[in-house]
Amino acid sequence: MTKDKVHVSLVVIGHVDCGKSTTTGHLIYKLGGIDKRTIDKYEQEANQVGKGSFKYAWVLDKLKAERERGITIDIALQTFETPRFKYTVIDAPGHRDFIKNMITGTSQADCALLVIDASQGKFEAGISKEGQTREHALLAHTLGVKQMIVAVNKMDDKFVQYAESRYNEIKTEISRYLKHLGYKLEKVPFIPISAWSSDNLVERSTNMAWYIGPTLLEALDNIHPPKRPIEKPLRLPIQDVSVNMCPRQLQDWRNRHRQFLLEGLRQHTQAIPGDNIGFNIKNVAVQDVHRGDVASEAGLNEATPAKSFDAQLIIMNHPGKIYAGYTPILDAHTAHIACRFTELKQRMDRTNGQVLEENPQFVKTGDMCLATLTPTKPMCIETFTEFPPLGRFAIRDMKKTVAVGVVKEVDHAERKSATDISHGKVVTQEKQSHEEKQNHGKEKAVPNTKTALSKKHLHLEQ
């Protein structure tokens with residue numbers, strides 16, 4: 001890809017079976033990201049199992065279970081280019097059973113493409129109280145994705161027949177909800193498309209002459225370039241771990257200090273904040289590194305586990321009252337860990353933040369509160385002011401999002417000191433109560449650079 005283009009991560013979200021993978025796959029094909037021979041191969045394979053309409057979706061849906069069930073299960077990454085940007089597109093699952101994978105993908109994104117199914121009954125199901133259109137939009141805003149594009153898909157449906165009235169109906173309803181979440185509607189384009197027949201993906205459709213806005217490609221090319229916090233200490237949440245049998249890598253492993261050399265990045269010579277990277281390490285058992293772990297650079301404001309943290313929360317949708325002791329799942333960056341409400345400190349006014357009650361006995365739907373939470377397992381989380389992507393979170397229970405919040409203060413385990421830090425030199429560290437392990441993918445990563453991972457925040461208890 002062209003090196004002088006700005007890199008942007010785009011997450012594709014929406015209700016199950018709304019056409020997210022087909023939209024993404026067809027767009028990638030139209031932009032030359034995949035050749036016609038491969039598409040023809042997918043079409044032939046899809047026809048053999050009676051799923052001919054899934055040929056574009058199979059560009060991203062690689063798992064056997066995904067192709068058999070016709071739904072996305074795990075996030076998939078692909079790349080394409082617009083005239084101004086180079087995109088990494090993250091295709092997120094729409095089924096509520098795989099919402100944690102959607103959250104993992106969305107936490108990495110700069111911009112979201114919200115795909116709406118315009119067909120009869122499908123739009124209504126997605127925007128209903130239990131629908132994933134509503135929940136995905138909420139989670140995107142909670143996880144810091146402030147730029148959004150809305151694609152109203154399946155305009156070629158026999159019920160819709162490219163009708164402007166259906167588009168306007170959907171736009172009105174979705175606009176009302178996005179405004180409620182905090183999105184600025186004048187900056188959110190609504191684009192009527194057909195992912196299957198490519199209407200308004202790259203070329204303007206003659207079937208919707210009434211629409212005068214941008215195509216999907218033009219909307220993607222008109223976003224505001226994200227600002228990258230290159231001055232911040234390194235934080236690298238781990239999304240996935242795999243075994244790499246590469247005999248050329250030579251790492252320096254020191255059991256006492258738990259350090260290793262970063263051998264290099266996969267398919268990159270260097271990386272900056274916002275890049276999705278793979279990197280190689282050695283002498284670390286694959287079962288000892290997990291999704292949700294966080295890498296940081298040895299001796300430079302290292303990531304450490306949180307004993308507890310204070311958070312400001314808004315209770316969005318809980319059927320009862322929340323008391324101290326409540327222990328739901330907290331989703332932050334790539335981590336999904338149960339956290340206990342150990343203390344309810346304040347109940348506040350949502351409009352101005354004024355304290356209404358000190359040490360409330362409980363909070364309920366609609367309340368904003370300040371609470372102390374304690375992770376049930378080692379977890380790396382940071383304050384929102386210092387590291388925003390690691391300081392936002394959603395709380396899920398009963399297969400729905402019950403609260404969203406930001407981290408105000410963290411009680412960290414003691415950070416390690418360093419007597420020296422430079423390329424090729426060993427960093428001396430004080431040993432913590434848990435063993436440590438190191439790892440990293442750096443802002444401007446250089447092969448043979450010392451890096452570190454805290455074994456505590458990696459959950460590497462033995």
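Guide: Happy to! In helix 4, Ile99, Met102, Ile103 and Thr106 meet Gln132, Glu135, His136, Leu139 and Ala140 of helix 6, where contact means heavy atoms within 4.5 Å. Sorted by type, the residues of this contact are five nonpolar, three polar and one charged; here Ala, Val, Leu, Ile, Met, Phe, Trp, Tyr, Cys and Pro count as nonpolar, Asp, Glu, Lys and Arg as charged, and the others, Gly among them, as polar.

Before going on, a word on the source: this is a predicted model, in which local features need pLDDT of at least 70 and side-chain atom pairs count only at pLDDT 80 or more, while totals for chains, interfaces and linings use all residues. Residues are numbered from 1 along each chain as its sequence is written, and side-chain values use heavy atoms, with hydrogens and water left out.

Back to the helices. The axes of helix 4 (residues 99-106) and helix 6 (residues 132-142) come within 10 Å and cross at roughly 35°; axes are lines fitted to C-alpha atoms, for helices over the stretch in contact, with angles from 0 to 180 degrees between N-to-C directions. Helices (H or I, at least four residues) and strands (E, at least two) are DSSP runs, numbered from the N terminus.

Now to the strands, which pair if DSSP finds at least two bridges between them. Strand 14 (residues 335-348) runs antiparallel to strand 13 (residues 329-332), joined by four bridges, and Leu330 has Ile337 as its bridge partner. These two strands form a hairpin with two residues between them, and His333 in the turn has a positive phi of about 45°. Strand 14 is also antiparallel to strand 16 (residues 368-375), this time through eight bridges, with Arg340 opposite Thr374. With strand 15 (residues 355-358), strand 14 makes three antiparallel bridges, and Met348 stands opposite Val355. Six residues lie between the strands of that hairpin, where Gly353 takes a positive phi near 75°.

Thr383 counts as buried because its relative accessibility is 14%, buried being under 20% relative accessible area, exposed over 50% and partly exposed in between (1.4 Å probe, protein chains only). Beyond neighbours within four places in sequence, Thr383 is in contact with residues including Pro388, Val407 and Glu409.
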